[in-house]
Amino acid sequence: QAAMADNERAISASGEELAGLQQQRTVLEQARATQQTHIALELKTAWQLGQQSQLRVLLNQESPHTVARVLAYYRYFFQARNKLVEGYRETLRQLQELEQRIADTLEQLAGQQATLQEQQLQLEKTQASREQAVAQLSQGIDTKAEQLKQMQKMGGMAGMMPGLQGLPNFMGGKKGSTATPSIKSKFKKRK
């Protein structure tokens with residue numbers, strides 16, 4: 001039963017771990033959805049900016065300050081987009097790792113539950129065996145008690161036997177007979 005208790009504690013711990021992992025998965029899936037929205041917006045913006053090539057924008061600008069500012073904007077947009085994509089990739093990696101941990105935990109939990117079920121079956125068999133042994137012992141005790149009662153009844157009759165020794169022996173006076181001598185002599189003469 002100690003092994004069953006240990007196994008039940010392990011199942012409980014695995015269940016708690018699984019709940020925590022599933023909660024983390026929910027958080028990561030929400031982050032992935034948010035990142036997908038941001039990336040979609042960035043792609044739309046990039047597509048709109050792509051309609052005007054950087055070269056055309058540069059050539060249409062007359063002031064070098066404006067050209068530098070536009071190039072800085074493009075650089076910031078690209079850097080921000082790259083950060084978003086990297087963050088998205090990291091989220092996907094974490095999700096994949098988390099899914100593997102969940103699968104491993106589920107497999108471990110299934111194994112623990114199978115072991116617990118085997119232990120419960122073994123316990124039931126042991127209990128049935130014990131109940132059968134107790135029933136056999138009880139039946140044996142009942143039989144012995146009945147035999148004892150019968151012996152006690154017979155013992156009560158045996159207790160009456162010493163009283164019978166005091167009665168006269170009509171069959172020919174054995175030693176230890178308590179019959180009176182006059183009766184003995186009468187019987188001896190008849191023979």
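This is a predicted model: local features need pLDDT of at least 70, side-chain atom pairs count only at pLDDT 80 or more; totals for chains, interfaces and linings use all residues.
User: Which residue does the side chain of R93 meet in a salt bridge?

Analyst: Side chains of opposite charge can pair when their charged atoms come close. Here the partner of R93 is E90, with an N to O distance of 2.4 Å. E90 is partly exposed as well, because its relative accessibility is 33%.

User: How many salt bridges does the count come to?

Analyst: The count comes to five. One of them joins the side chains of R9 and D6, at 2.2 Å from N to O. R9 and D6 are three residues apart in helix α1, which means that about one helical turn lies between them.

User: Are R9 and D6 buried, partly exposed or exposed?

Analyst: R9 has 53% relative accessibility, so it counts as exposed. D6 has a relative accessible area of 42%, so it is partly exposed.

User: Which residue forms a salt bridge with R25?

Analyst: E99 does, and the closest N and O atoms of the two are 3.3 Å apart. This pair links distant parts of the chain: R25 is in helix α1 and E99 in helix α3, 74 residues apart. The relative accessible area of E99 is 33%, so E99 is partly exposed. R25 counts as partly exposed because its relative accessibility is 23%.

User: What are the elements of the chain, from the N terminus on?

Analyst: The order is α-α-α-α. The chain has four helices and zero strands. Helix α1 covers residues 2-50, and helix α3 covers residues 64-165.

User: Which residues make up the largest nonpolar core?

Analyst: A nonpolar core is read as a set of buried nonpolar residues joined through their side chains. The largest one holds ten residues: M4, I11, L18, L21, L28, L95, L98, I102, L109 and L116. The elements giving two or more residues to this core are α1 and α3. Leaving out residues up to four places away in sequence, M4 touches L116, Q119, Q120 and L123.

User: What share of the residues of the chain count as buried?

Analyst: Of the 191 residues, 15% count as buried. The chain exposes about 15300 Å², and carbon and sulfur atoms supply 57% of that area.

User: Is N7 buried or exposed, and what does it touch?

Analyst: The cut-off for buried is under 20% relative accessible area. N7 has 10%, so it is buried. N7 sits in helix α1 and touches Q112, T115, L116 and Q119, not counting residues up to four places away in sequence.

User: Which side chain does T91 join in a polar contact?

Analyst: The side chain of Q35, in a polar contact of 2.9 Å. T91 is found in helix α3 and is buried, because its relative accessible area is 6%. Apart from neighbours within four places in sequence, T91 is in contact with L28, A31, R32 and Q35. L28 is also one of the residues of the largest nonpolar core.

User: Which residues form a nonpolar patch on the surface?

Analyst: A patch of this kind is read from residues with over 30% relative accessible area whose nonpolar side chains lie within 5 Å. In this chain Y73, Y76 and F77 form one, with about 330 Å² of accessible area together. Y73 is found in helix α3 and has 46% relative accessibility, so Y73 counts as partly exposed.

Terms used:
Residues are numbered from 1 along each chain as its sequence is written. Side-chain values use heavy atoms; hydrogens and water are left out. Patches are made of residues with over 30% relative accessible area and no salt bridge: like charges are joined within 9 Å, nonpolar side chains (Val, Leu, Ile, Met, Phe, Trp, Tyr) within 5 Å. Accessible areas come from the Shrake-Rupley method with a 1.4 Å probe; for residues, only the protein chains shown count as cover. A salt bridge is a side-chain nitrogen of Lys or Arg within 4 Å of a carboxyl oxygen of Asp or Glu. Buried means under 20% relative accessible area, exposed over 50%, partly exposed in between (1.4 Å probe, protein chains only). Contact means heavy atoms within 4.5 Å. A polar contact is a pair of N or O atoms within 3.5 Å; within protein, one must be able to donate a hydrogen and the other to accept it, and residues adjacent in sequence count only if both atoms are side-chain atoms. A nonpolar core is a set of buried Ala, Val, Leu, Ile, Met, Phe, Trp, Tyr and Cys residues joined through side-chain atoms within 4.5 Å.
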